[in-house]
Amino acid sequence: MKSRTLLVLIAVSCIGLLSFALYLQHFKDMQPCPLCVLQRYAYLVIAIASLIGAISNKPKLGAGLGLIGGLAGAGTAAHHLWVQAHPAVSCGRDPLEAALNQLFTAQWLPSMFKADGMCTSAYDPILGLSIVQWSMAWFTGLTLVLIFIAFRRRA
């Protein structure tokens, strides 16, 4: 499959994941915590970078930029999984919440980027996995595909 096609599929996947996050937030009342919001930013970075790579016909550039979001998102999801596995460590409201909610994106589009939830909230699993586990799986898969695109010999 061509790199440009893969990048478009990655962007569409990320937009779909962000849409599903909004569905869970607004229709299932699952409020995003600060770590969830950071993962949303990472998915957005991957989507934008992938589209830039596909549109500009520079797939390696798009994949390389997308890798930044993929690695950041995977790291955030890994930390989020650790926090959920150790709820006693949490002291309630995360200090990161105030900083995130002051960003212009949270002010401009609060329905997507405002953190209102708790990182230790345990929501019902979806197909056997928690939302954070699904996010980690998606970041892992997307990052592997982006690495493949960035280092393949032909575009």
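This is a predicted model: local features need pLDDT of at least 70, side-chain atom pairs count only at pLDDT 80 or more; totals for chains, interfaces and linings use all residues.
I started with charges: Lys114 makes a salt bridge with Asp116, and their closest N and O atoms sit 4.0 Å apart. The term needs a side-chain nitrogen of Lys or Arg within 4 Å of a carboxyl oxygen of Asp or Glu. I searched the whole structure and got one salt bridge. Lys114 is partly exposed at 35% relative accessibility, and Asp116 is partly exposed at 33%. For exposure I use under 20% relative accessible area for buried, over 50% for exposed, and partly exposed in between (1.4 Å probe, protein chains only).

Residues are numbered from 1 along each chain as its sequence is written, and side-chain values use heavy atoms, with hydrogens and water left out.

Which residues of helix 4 are buried? I found Glu97, Leu100 and Asn101. They share one side of helix 4, because they cover an arc of only 95° around the axis, taken from the directions from the helix axis to the C-beta atoms. Pro95 and Gln102, on the other side, are exposed. The buried residues of helix 4 pack against helix 2 (34-55), helix 5 (104-108) and helix 6 (110-113), with contact meaning heavy atoms within 4.5 Å.

Then I looked at the largest pocket, which holds about 600 Å³ of space. A pocket here is an open set of points on a 1 Å grid over the protein atoms alone, where a 1.4 Å probe fits, with protein on both sides within 12 Å along at least five of seven lines; lining residues have an atom within 4 Å of a point. The volume is the space filled by probe spheres set on the points. I get 30 lining residues, with Leu24, Cys36, Ile131, Val132 and Ser135 nearest the centre. Helix 1 (3-27), helix 2, helix 3 (59-85) and helix 7 (131-151) each supply at least two of the lining residues.

Last, backbone angles. Most residues other than glycine have a negative phi. Asn57, not a glycine, has a positive phi of about 60°; I place Asn57 in the loop between helix 2 and helix 3. Leu127 also has a positive phi, near 50°, and is in the loop between helix 6 and helix 7. Leu127 is exposed, at 75% relative accessibility.

How values were computed
Helices (H or I, at least four residues) and strands (E, at least two) are DSSP runs, numbered from the N terminus.
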